[in-house]
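Subject: Structure handover

Hello,

Here is the structure for your set-up work. My notes on the metal sites and on part of the strand arrangement follow below it.

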Amino acid sequence: MNALRYHADEGLLLEDIPAPAPGPGEVLLEVRAVGVCRTDIEIVEGSHPFYVNGGPEQPLVPGHEWSGVVRELGAGVFGPPVGTLVTGETGIGCGACDLCRIGQHNACPHRVETGIFGRDGAMRELHVHPAALTYPCTRLSPEEAALVEPASVGVYAAQRAGVRPGDRVIVLGGGSIGQMALQAARAFGATEVMLATRSPEKLALAAQLGADATFDAGAQDFVAAVMEHTSGDGVHVVIEASGSNQSLRDAVSLARPLARIVILGVFEQPWVQEIGPLVANEYTILPTVGSPGVWPLTISLMERGRIQAGPLISGRFPIADYRWAFETVARGGPTTIKCLLLPRPA
Ligand SMILES: [Zn+2]
Ligand SMILES: [Zn+2]
């Protein structure tokens with residue numbers, strides 16, 4: 001079968017390798033669509049935190065945002081039935097430690113992450129995944145189902161922040177995670193949802209997806225504009241999804257006392273921030289990694305159109321055009337939100 005594999009010495013190659021077989025507790029899937037994420041670019045460029053000191057010891061198949069159709073069940077697996085469209089969770093814990101036992105396998109010290117480290121991802125024709133972390137999404141299209149992963153990150157952010165009616169929420173960052181977090185905050189009942197980013201195209205997308213107000217995060221008077229919009233009050237919840245230090249400073253400037261600040265962005269720089277205002281305002285700072293426990297909820301919100309993935313899809317590439325797909329995502333730009341690889345178009 002065709003597979004993209006990242007090699008420490010040769011980089012990313014399209015190869016013909018043996019198909020995997022499902023082990024006990026696993027399902028074998030025909031992959032339908034895979035998102036190309038900034039994380040995949042960082043892995044291939046060697047800038048991902050796990051790979052700054054060199055590539056993986058074994059070649060790694062990337063791909064953690066995927067959908068596929070069940071083809072075969074491994075030993076001890078009773079579902080989902082063959083033919084079902086499913087997606088699957090990225091972080092896979094040991095199942096035995098105290099964190100796994102309370103469902104926080106995202107923090108398991110022994111975990112692997114599908115397509116990121118320790119376990120092959122879905123940029124291949126056939127993929128194997130633990131049945132227990134595989135979720136049917138029969139009412140979604142294969143392309144939408146591949147974007148349950150980024151949507152679940154937005155839902156986990158809204159859940160971590162306890163978004164509820166009465167809340168004014170602002171999302172900082174207009175990439176796919178930011179657009180998903182915006183929709184999740186709205187689905188959780190926030191009274192007002194806002195999004196700020198520098199790209200007019202991404203602000204327009206946010207408005208299309210239900211933002212009550214949008215702001216140019218690059219404008220001189222950005223913070224003042226949000227404060228004026230909120231009658232000087234600020235916001236109850238900030239969801240930081242851009243990964244820039246300036247954005248974190250803005251988050252603190254926009255937060256009203258007792259605000260919850262969720263940090264989704266990945267930061268390479270240290271956070272330089274006066275602690276005084278955090279203490280004086282009793283802010284709750286909520287860094288997040290992964291999205292445990294919210295996959296069925298995310299799928300149900302997507303099935304009912306409360307979270308839309310379709311408008312985020314900006315490019316589709318057959319797997320043979322993977323270099324073009326990765327270059328497009330690496331280059332970024334205002335109209336690149338989410339690119340999909342299609343290993344075997346239906
Ligand atoms: Zn991703
Ligand atoms: Zn564990």
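The site of the zinc ion (ligand 2) is tetrahedral, with angles of 106 to 116° among its 4 donor atoms. Please keep in mind that this is a predicted model. The protein donors of this ion are the SG atoms of Cys94, Cys97, Cys100 and Cys108, and they lie 2.3 to 2.4 Å from the zinc. Along the chain, these donor residues follow the spacing C-x2-C-x2-C-x7-C. Cys94 sits in the loop between strand 6 (91–92) and helix 2 (98–101), while Cys108 sits in the loop between helix 2 and strand 7 (112–114), so the pair ties together parts that are 14 residues apart in sequence.

The zinc ion (ligand 1) is coordinated by Cys37 through SG, His64 through NE2 and Glu65 through OE, at 2.1 to 2.3 Å. Water is not among the atoms, so sites may look incomplete. The donor residues of the zinc ion (ligand 1) have the sequence spacing C-x26-H-E.

Next, the strands around strand 3.

Strand 3 is mostly covered, with 11 of its 11 residues buried. Its pairings are as follows:

- Strand 4 runs antiparallel to strand 3, and the two pair over 7 bridges; Ala33 has Ser67 of strand 4 as its bridge partner.
- Strand 9 is also antiparallel to strand 3, joined to it by 5 bridges. Glu30 stands opposite Leu126, and Glu26 stands opposite Pro130.
- Strand 18 (residues 338–342) is joined to strand 3 by 3 bridges, again antiparallel, with Val34 opposite Leu341.

How many residues of strand 9 are buried? The count is 5 of the 5 residues in 126–130, so strand 9 is largely enclosed by the rest of the structure. Leu126, Val128 and Pro130 point one way from strand 9, His127 and His129 point the other way, and all are buried.

Regards

Key. Residues are numbered from 1 along each chain as its sequence is written. Chains are lettered from A and ligands numbered from 1 in the order in which they are written. This is a predicted model: local features need pLDDT of at least 70, side-chain atom pairs count only at pLDDT 80 or more; totals for chains, interfaces and linings use all residues. Side-chain values use heavy atoms; hydrogens and water are left out. Donors are N, O and S atoms within 2.8 Å of the metal (3.2 Å for Na, K and Ca); water is not among the atoms, so sites may look incomplete. Four donors count as tetrahedral if all angles lie between 85 and 135 degrees; four count as square planar and six as octahedral if opposite donors are over 155 degrees apart and all others between 65 and 115; anything else is irregular. Helices (H or I, at least four residues) and strands (E, at least two) are DSSP runs, numbered from the N terminus. Buried means under 20% relative accessible area, exposed over 50%, partly exposed in between (1.4 Å probe, protein chains only). Two strands pair if DSSP finds at least two bridges between them.
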